[in-house]
Every structure is written in C-alpha cells, then in structure tokens.
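Hi,

Here is the structure I promised to pass on to you. Have a look at it first, and then read on for my notes.

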Amino acid sequence: MAEEVKVFGAWGSPFSRRVELALKIKGVKYEYIEEDVYGNKSPLLLKYNPVHKKIPVFLHNGKPIAESLVIVEYIEETWKGNPILPEDPYEKAMARFWAKFVDEKCLPALWTAGFSPENERAKAAEEACECLKTLESALNGKRFFGGDTVGLVDIAANFIGYWLRLIQEATGHDLLSAEKFPALFKWSDEFVSCSVVKDSLPPRDKLLAFFKARFAGAAQTNASN
C-alpha cells in the first residue's frame with residue numbers, strides 16, 4: 001500500500017514551505033493541498049488542526065501533525081536519509097535553540113519592522129536588527145547554519161533568506177544588507193541559490209506583488225488611524 005503523505009499549506013507561507021523543503025531534502029514524495037487561509041478554510045484543515053485552525057498541517061498515513069518545526073522534526077525522525085539535524089546531542093540542542101530563536105524573536109520583530117506605522121518604525125527596526133545580529137553570530141563562518149548542507153536552522157530561517165528581501169523591496173525599508181550583516185546576507189544568497197531550496201520557494205513576482213499590496217493597505221490603515 002502506498003504511503004500517504006500530504007501537506008496542507010498556502011503558496012506564500014514560509015511555514016508550509018518549511019515542510020515542503022524538509023520533504024524535498026529527504027526525497028519524500030507528497031501531495032500538496034492549497035488552503036485559502038484568508039477566506040474559506042477547508043473542512044479538512046479544521047478537522048486536522050482543530051486547535052489552531054492554521055496551516056501547515058502534515059498528514060502521514062492518516063495521522064495529522066501541526067506546527068511547522070514540529071512537522072520538520074517528525075520528518076527528520078521518520079525518514080533517516082539526508083539528515084536535517086546533527087547527530088551530536090549538543091549540536092542538535094543548539095540547532096533547536098536557534099530555530100526557536102528565529103520563530104520566537106526574529107520573525108515577530110522583522111514583521112513588525114516591515115509593517116509598523118512610521119512613528120513606531122525606528123524602534124521596531126532597531127529591535128529587528130538586534131535579532132539579525134544575534135542570529136548572524138550563530139553562522140560562525142559556516143556556509144549554512146547546518147554546516148555544509150541546509151539544516152533545521154536554515155529551514156526555520158527561510159523567511160529571512162527569501163521573504164525578508166522581498167518585503168524590503170516592497171516597503172523600501174532596509175534591514176538585511178551586505179553592509180549591515182555581511183555573513184547573514186551571504187548566507188541568504190547561498191540559501192536561495194541551493195537547488196533544493198529553489199524548488200520550495202513561491203514565485204518571486206507573485207510574492208512581491210502580494211507584499212506591495214499588503215504594505216499599501218497597511219499604510220492606508222495607519223494613515224486613517
């Protein structure tokens with residue numbers, strides 16, 4: 001009987017793209033189901049993730065799993081080839097630490113800096129840059145956070161590697177640059193140039209147009225408040 005592997009996601013979501021990237025690294029075939037996360041969530045999504053009612057949801061042989069980094073670790077433990085986490089217990093713990101740092105500190109700060117009102121932007125940008133500076137230190141001269149190959153932290157930081165630079169282009173706000181963060185900027189170039197990563201990224205023009213519309217809407221809302 002064929003193995004059932006499904007991903008419920010949204011085309012522009014870095015979180016569901018994390019799951020797809022992990023599956024591609026492992027060479028696991030899967031079925032992708034696009035969800036309308038802004039309008040009409042499917043009954044299946046609500047059934048499989050009744051707690052958060054969000055994407056991504058990963059379905060493996062009828063068993064649903066939610067939360068992108070939880071799913072990535074499940075994929076790592078289920079399919080052993082092309083490891084995403086290091087074998088060494090300490091290095092593994094450090095990878096989990098930095099992945100959590102990306103989710104809990106970096107992403108909220110970067111999103112706020114990108115779309116906050118003008119009078120709050122300087123403080124938000126300062127906090128975001130502090131997060132990027134701290135994250136850059138974890139590279140420590142390596143090509144990827146995972147060493148020579150893409151690992152858990154690289155997957156977790158996919159937003160910074162691809163989405164962030166498109167947000168910067170859409171908004172005109174410069175957070176990640178070669179001048180400010182040379183090592184992290186170089187990593188982002190290496191990351192998006194990696195063939196397996198390229199296959200798991202949303203179309204550039206479509207995502208850029210989405211962010212331009214989002215920024216214009218946010219600016220209009222802020223101006224009327």
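Below are the features I picked out, grouped by region.

Please keep in mind that this is a predicted model.

Let me begin with helix 7, which covers residues 158-171. From first C-alpha to last, its 14 residues reach 19 Å, close to the 20 Å expected at 1.5 Å a residue. Helix 7 also has a kink of about 35°, centred on L164. Is this helix buried or exposed? Twelve of its 14 residues are buried, so helix 7 is largely enclosed by the rest of the structure. Those buried residues include the run from N158 through F159, I160, G161, Y162, W163 and L164, and L166, I167, Q168, A170 and T171 are buried as well. Directly after the helix comes G172, with a positive phi near 80°.

Setting aside neighbours within four places in sequence, S13 is in contact with I55 and W163; W163 is one of the buried residues of helix 7. S13 has a relative accessibility of 10%, and because the cut-off for buried is under 20%, S13 counts as buried. A polar atom of the S13 side chain lies 3.2 Å from the backbone nitrogen of S16.

The peptide bond from I55 to P56 is cis, with omega near 0°. P56 sits in the loop that runs between helix 2 (43-48) and strand 3 (57-60).

N61 lies in the loop between strand 3 and strand 4 (63-66), and N140 in the loop between helix 5 (118-137) and helix 6 (152-156). Neither is a glycine, yet N61 has a positive phi of about 50°, and N140 likewise has a positive phi of about 50°. How exposed is each of them? N61 is partly exposed, at 43% relative accessible area, while N140 is exposed, at 67%.

Finally, helix 3 (residues 68-78) has S68, L69, I71, V72, E73, I75 and E76 buried. What do these residues pack against? Their partners are helix 1 (14-26), strand 3, strand 4, helix 4 (89-115) and helix 6. Note that two glutamates, E73 and E76, are among the buried residues here.

Happy browsing, and do write back with any questions.

Best wishes

Definitions and conventions: Residues are numbered from 1 along each chain as its sequence is written. This is a predicted model: local features need pLDDT of at least 70, side-chain atom pairs count only at pLDDT 80 or more; totals for chains, interfaces and linings use all residues. Side-chain values use heavy atoms; hydrogens and water are left out. Helices (H or I, at least four residues) and strands (E, at least two) are DSSP runs, numbered from the N terminus. The expected span of a helix is 1.5 Å times one less than its number of residues. The bend at a residue is the angle between axes fitted to the seven residues ending there and the seven starting there. Buried means under 20% relative accessible area, exposed over 50%, partly exposed in between (1.4 Å probe, protein chains only). Contact means heavy atoms within 4.5 Å. A polar contact is a pair of N or O atoms within 3.5 Å; within protein, one must be able to donate a hydrogen and the other to accept it, and residues adjacent in sequence count only if both atoms are side-chain atoms.
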